[in-house]
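Try each task before reading its solution.

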Amino acid sequence: MAPETGAEVVLRLDGITKRFGPLLANDAISFGLGKGEVIALLGENGAGKTTLMNILFGHYTADEGTVEVFGRPLPPGHPRAALAAGVGMVHQHFTLADNMTALENILLGTRPLLAPRLGARAARAKVARLSRDFGLAVHPDARVGALSVGERQRVEILKALYRDARILILDEPTAVLTPQETSALFETLRKAVAQGLSVIFISHKLGEVMEISSRVLVLRHGRLVGEVATADTDRHRLAEMMVGAEIAAPRLSERAPGPALLTLSEVDTPRRGNAPGLRGVTLALRAGQITGLAGVSGNGQTALAALIGGLETPVRGSMELDGAPPADWSPRAALAAAIARIPEDRHRTGTVADFTLTENAVLESYADAPFSRRGWMNWRAAEDFARRIIATYDVRCPGPAARIRLLSGGNMQKLILGRALEAEPRIILANQPVRGLDIGAVTFVQNRLIAARDKGAAVLLISEDLDEVMALSDVIHVIYEGRLSPAFPRGTMTPAGLGGWMAGHGFGPEYTRGGADAA
Amino acid sequence: MDILEIILTASFWAAAVRIASPLIFATLGELICERAGVLNLGIEGIMVIGAFTGWMTVYLGFGLWTGVLVAMLAGMLFGLVHATLTVPFGLSQHVVGLGVTLLATATAAFAYRLSLPEVTSPPKIVPFQPLPVPGLSELPLIGPAFFAQTPLTYLAFVLIAVVSVVLYRTPLGLALRAAGENPASVEAQGLSVTAMRMGAVIVGSGLMAIGGAFLTMSAFSSFFFEMVNGRGWICIALVVFGAWRPGKAALGALLFAAFDALQVRLQQTPMGAYVPYQVFLMVPYILSILALVLMSRRAEVPAALMVPFNKGER
Amino acid sequence: MRLEPIANPSLVRRVGLPAAALALTVLMASLLALLAGANPFATLGLIVKGAAGSKFALLETLNRATPLIFTGLAVAVAFRAKLWNIGAEAQLYAGAIVTVLLGTGALPLPSALLLPVIALAAMVAGALVLLGPVLLKTRAGVDEVVTTLLFNFIMLLFVSLLLEGPLKDPMGMGWPKSPALEKAARLPRIVEGLRLHWGFALAILSALAVWVIQTRTTLGYEIRAVGLNAEAARFAGIPVGRVMIKTAVLSGGLAALAGFSEVAGLKGNLTLDLSPGFGYTGIIVAMLALLNPLGVVLSAIFVAGVFVGADSMSRAAGVPTYIADILTATALLTMVLAIRLTRTKIRWR
């Protein structure tokens, strides 16, 4: 299918097909991109958007199909070829070296490897010009490791512009931004389009797609299931195309909150590398209530999760469980206090990839009866437990003896959820519980969390997705540089209002006190 | 006091610089590998193979510089084995590195026995001779210490500057450091992580082998088993001590060599009569461990060190 | 090229690739024989004959395998937890020193009591030697690879110091060796008249014990979890530091038993050449066994056979005995590659 008649076609994909083992990630996808056009590539997680763009950029090679850029076939399998043809890509996970400056990252790979010098002076002037023209404020000599997420993204965009990209691919660029930063990004994209660039914008957020794109392509299960001009559609129709059915939003029943099960008052935790610690955090998690934590990633969410999960202890302030401070604090102590933890990264912290489902199911409880007695494992009891989780939580897998590495993200998450909820927790720490899941798994996990709340558990929901936090929470806090906003009850705040807090407005004068950031 | 007297002699500093030279070669070699993200535990064996091949080349009648070249090529060959297994195939850098050390050490021993089946004491070659730099070698203390050394020592010190400049001032060095910090950044800018890493390991191994060759061709003039004697492992400690920076690592090597030269001289003092000589010989190893303890918390490890990169991994 | 995982590798892959690794090793042996001017087939035949061609040869191989089983187990246990113990050599000597200290008349005990006491004390010594680097790792973040390696050199100098000082045999005519163990401290032979001592039986028992620990106990589960994903283990409440320390005690203890068994079972005294690198060869043994404790027994016998066979071949055919070191190192490298390739396939584009 072609873009609006008359526009020059700068990019054409024809019959792109890609398989990963039994999974058909892209199924004969064809489309064209016009000059000065913004196409939104819409689809839920796992629909094949990123795979398609990785093929276009040369990270993967398609099994079938061809790519043409400016009328010339693009040799497959080399980012170098894509870059040379004028394609630039801003990856979802930034591809920056933290130990180098912004300028060095921009320069990387732009000159012949054996050239005697970096050519930094000329580059600096060009970067300054691009920064000005596109509204991308970046200090060229700052170490990337010290930059904020928004600044890093600007460096990524500058990398592409520096190479004179005419086609810009952005993979979920707003996932890590505040609403205000998103507006600034869109401003940059509009400037780029005005200068004749073409943009492919990958997202699963309908509002942003409606705002920035001129045309929407919808992917579902690897297939291109729809293409519409943005002006001719609306959010509801896009949502239906995306998931193939109406999305039922999760529903919270009215419920009076119970007593505070866990309270923090004026808590500081130490900084860990680039991750800020908590600074003067006061928080109460109440029975029968979901507390949502909104904020741009890297603002102390990890520190708060580590504290409640037992991996971190306060250096100042106090933490109380049922009104009394815990005697000692560790993951084991947290588990003993009936705190269930759903970790942010299910691959790195939630599971042991090369363990079986059985071994993963008892990861938190292997030391207790009936799974072990006096140091001897009872594998039969462990396997029974795994089977129970598999049945109750609908974990699709070959069986309890399969290695968990083979499972999809959604099924992995269901096992973690089952492991956590089977212990009848009083407090649930859910850190990004639905990130990267498809819509079926998202609904499943969210409903389980709501059910736990209705049974009287105190839930802390940490998410970078503001819509998710607003839909699921009874009260919302915003976290910014380790500090916590006041609690906003459900329905009292707009996205823009929370966005202001996410950008740091409203926190009052900088909280200073010696030693908070030390260690 | 004895120690002060020793430290103020030119011969002490000359010895320190001499002892530091092979360490500088090998430390720079290891540093290049690690900066690109590959821990090269083959270093010990590669130094042995360098010591053997360099010496054997000269023994067979070729020139000294030919010996250095052959040693370097032999080291690069074992570097190629290491790089092939650890980079594209992503095998454990610990296991492969130790395997390469065992293989290289055994190869040197096998080749030695094969070429000299009957000898009991290894034949000597005429090694590199000191080449005083006119003028500079006349300076008090510094002159004999730094400017009356063999050409290989001068080469070692020149290499410190070369490696620094390449790492920090050229597109190649930029790509190399990026490969060790975040290989995805290299890939996304159109370069090959595999090529960068393999190249670094091969070149680094070549330098390690020259470090080994220094022992037979500039220090001892003959080859015997166990002559490398843990120097490779010490160099790995020196890389950490130098926080992955060429200048600092070389300075560490010099400091370390000074201690080594000192313990040799202290053995000859009255103190040496009371303390068993083995205690003095332990000093270098203990110092290396101390260096690691001091620096481990502070140093900035390349973020992708020992992390294999599989292109387009999902 | 890129690697893609295979979920269920075929039998051809699982058997064929390791076989190919072995074939490559044999090919390497042939090449080296040719280089040395010997007939490759005759050389290989002599190695096999020297390793297993007679009762004497076979017993010699099993004798040589005994310390390798211990060091192989030590490495296998440690590597499972991703504790890179490259210092089995030092731990072995620690065990040997203790054996000499306690076995030369210091403890007036009958043999049945004395031997277990010495073995236990040796294990404690080996554990302590490894505990140093492991505490530096868990407390100060010091990489244990280099520290355990450096400890090997320090320990060897320490042994030399002892053998020329406090532990020197007054009747040794100036040689750096310790006095001989008393009779009660010697490990007897399993069958009278056959040159194989109880150290071998102890090694087999140790392998079984390690296997039980790894598959049946919480400690084994913890060790595997820490090794496969320390971050997930810590998050789940497994005390990673304590597991590391327990692993170190087990690993160092096993390596020390190699020293105990060599001194009490074979040599009868301590010299500087007690171990021709058993600690390092243990790494090869463990890797060839894929860190499986029962597999360690087999791979130790295989590796010992290569060494014993090469020794005997060398005397007959004149190919340097170091061929054994080359072959075992080659087997290690080709085998780790083969194992990787059974689980992944190469895509060239």
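## Exercise 1: helices on a sheet

Task: find what helix α5 (residues 149-162) of chain A lies across, and how it runs relative to β6(A).

Solution. Start with the helix: α5(A) lies across β6 and β7 (167-171) of chain A, and runs at about 170° to β6(A). Then take helix α6 (residues 179-194) of chain A, which packs on the sheet and touches β3, β7 and β8 of chain A. The direction of α6(A) makes about 150° with that of β8(A). Angles here run from 0 to 180 degrees between N-to-C directions, with axes being lines fitted to C-alpha atoms, for helices over the stretch in contact. Helices (H or I, at least four residues) and strands (E, at least two) are DSSP runs, numbered from the N terminus.

A word on the ground rules: this is a predicted model, so local features need pLDDT of at least 70 and side-chain atom pairs count only at pLDDT 80 or more, while totals for chains, interfaces and linings use all residues. Residues are numbered from 1 along each chain as its sequence is written, and chains are lettered from A and ligands numbered from 1 in the order in which they are written.

## Exercise 2: the sheet itself

Task: in what order do the six strands of the open sheet in chain A come?

Solution. Read across: β6-β7-β8-β3-β9-β10, with mixed pairing. Strands pair if DSSP finds at least two bridges between them. At the edges sit β6 (87-90) and β10 (223-229) of chain A, each pairing on one side only. Ignoring direction, neighbouring strands are turned by 20° against each other on average. Now zoom in on one pair: β3 (residues 38-42) and β8 (residues 198-203) of chain A run parallel and are joined by five bridges. V38(A) has V199(A) in β8(A) as its bridge partner.

## Exercise 3: two faces of a strand

Task: which residues of strand β12 (residues 281-286) of chain A form its covered face?

Solution. In a regular strand the side chains alternate between the two faces of the sheet. For β12(A), the covered face holds V281(A), L283(A) and L285(A); T282(A), A284(A) and R286(A) make up the uncovered one. Next, look for the partner: β11 (residues 260-268) of chain A runs antiparallel to β12(A), with five bridges joining them. Opposite A284(A) stands T263(A).

## Exercise 4: Q289(A)

Task: is Q289(A) buried or exposed?

Solution. Count next: Q289(A) is buried because 24 C-beta neighbours fall inside 10 Å. The cut-offs are 20 or more other C-beta atoms within 10 Å for buried, 12 or fewer for exposed, and partly exposed in between, with C-beta atoms placed from the backbone. Leaving out residues up to four places away in sequence, Q289(A) touches P257(A), R453(A), A458(A), D474(A) and V475(A). Contact means that those backbone-placed C-beta atoms lie within 7 Å.

## Exercise 5: domains 2 and 3 of chain A

Task: how many residues of domain 2 of chain A are in contact with domain 3 of chain A?

Solution. Get the bounds, which come from an automatic or database domain assignment: domain 1 (9-243), domain 2 (249-338 + 425-519) and domain 3 (350-424). Across the boundary, 11 residues of domain 2 meet 10 residues of domain 3. On the domain 2 side, helix α15 (residues 439-454) of chain A gives the most, with five residues.

Note on methods: Contact = placed C-beta atoms within 7 Å.
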